[in-house]
Amino acid sequence: MRFTDVPSPPPCTGCGQTLPRTDEFYGRDALAPQGLRRRCRSCRAAEARDYYTEHSAAILQFKRKRRVERAAHWEETDHWNAA
Ligand SMILES: [Zn+2]
């Protein structure tokens, strides 16, 4: 089978739209067969938005915790004052 035998790209597994398999419509994924994700950019964006809406409290709490941890780390290593 040659590449030219493929008539049209597979549809997005999220919304079912058939979009060109380019990085304009699909995010990159180094592990995917074509180097592109199976869900289009707008599906990924919608998912991320939904996820954030549902988990915003947990995400913010995690970020706050990380910030405190990083600050402690920098203070400990005295890299605050590094050039
Ligand atoms: Zn989609």
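**A zinc site and a bent helix**

Cysteine 12 is buried, with a relative accessibility of 3%; buried denotes a relative accessible area under 20%, exposed one over 50%, and partly exposed the range in between, computed with a 1.4 Å probe on protein chains only. The model is predicted, so local features need a pLDDT of at least 70 and side-chain atom pairs count only at pLDDT 80 or more, while totals for chains, interfaces and linings use all residues. Residues are numbered from 1 along each chain as its sequence is written, and side-chain values use heavy atoms, with hydrogens and water left out.

Cysteine 12 belongs to the zinc site. The protein donors of the zinc ion are the SG atoms of Cys12, Cys15, Cys40 and Cys43, at 2.3 to 2.4 Å from the ion. Donors are N, O and S atoms within 2.8 Å of the metal (3.2 Å for Na, K and Ca), and sites may look incomplete because water is not among the atoms. The angles among the four donor atoms run from 105 to 114°, and the site is tetrahedral. For four donors, that term requires all angles to lie between 85 and 135 degrees. Ideal angles at a metal are 109.5 degrees for four tetrahedral donors.

Along the sequence, the donor residues follow the spacing C-x2-C-x24-C-x2-C. Cysteine 15, in the segment before strand S1 (26–28), and cysteine 40, in strand S2 (residues 36–40), are 25 residues apart, and this pair links distant parts of the chain. Helices (H or I, at least four residues) and strands (E, at least two) are DSSP runs numbered from the N terminus. Cysteine 15 is partly exposed, at 40% relative accessible area, whereas cysteine 40 is buried, at 1%. With a disulfide defined as a pair of cysteine sulfur atoms within 2.5 Å, the count of disulfides is zero.

Helix H1 comes next. Helix H1 covers residues 41–77, 37 residues in total, yet its end C-alpha atoms are only 40 Å apart, short of the 54 Å that a straight helix would reach at 1.5 Å a residue. The expected span is 1.5 Å times one less than the number of residues. A kink of about 80° in H1 is centred on histidine 55; the bend at a residue is the angle between axes fitted to the seven residues ending there and the seven starting there. Just after H1, aspartate 78 adopts a positive phi of about 60°.

The structure contains four salt bridges, each a side-chain nitrogen of Lys or Arg within 4 Å of a carboxyl oxygen of Asp or Glu. One of them joins arginine 28 to aspartate 23, with the closest N and O atoms 2.6 Å apart. Arginine 28 is exposed, at 60% relative accessible area, and aspartate 23 is partly exposed, at 35%.

Within helix H1, lysine 65 and glutamate 69 are four residues apart, and therefore separated by about one helical turn. Their side chains meet in a salt bridge at 3.5 Å, N to O. Glutamate 69 also forms a salt bridge with arginine 66, the closest N and O atoms being 3.5 Å apart. Lysine 65 is exposed, at 51%, while glutamate 69 is partly exposed, at 36%.

Terms used:
Four donors count as tetrahedral if all angles lie between 85 and 135 degrees; four count as square planar and six as octahedral if opposite donors are over 155 degrees apart and all others between 65 and 115; anything else is irregular.
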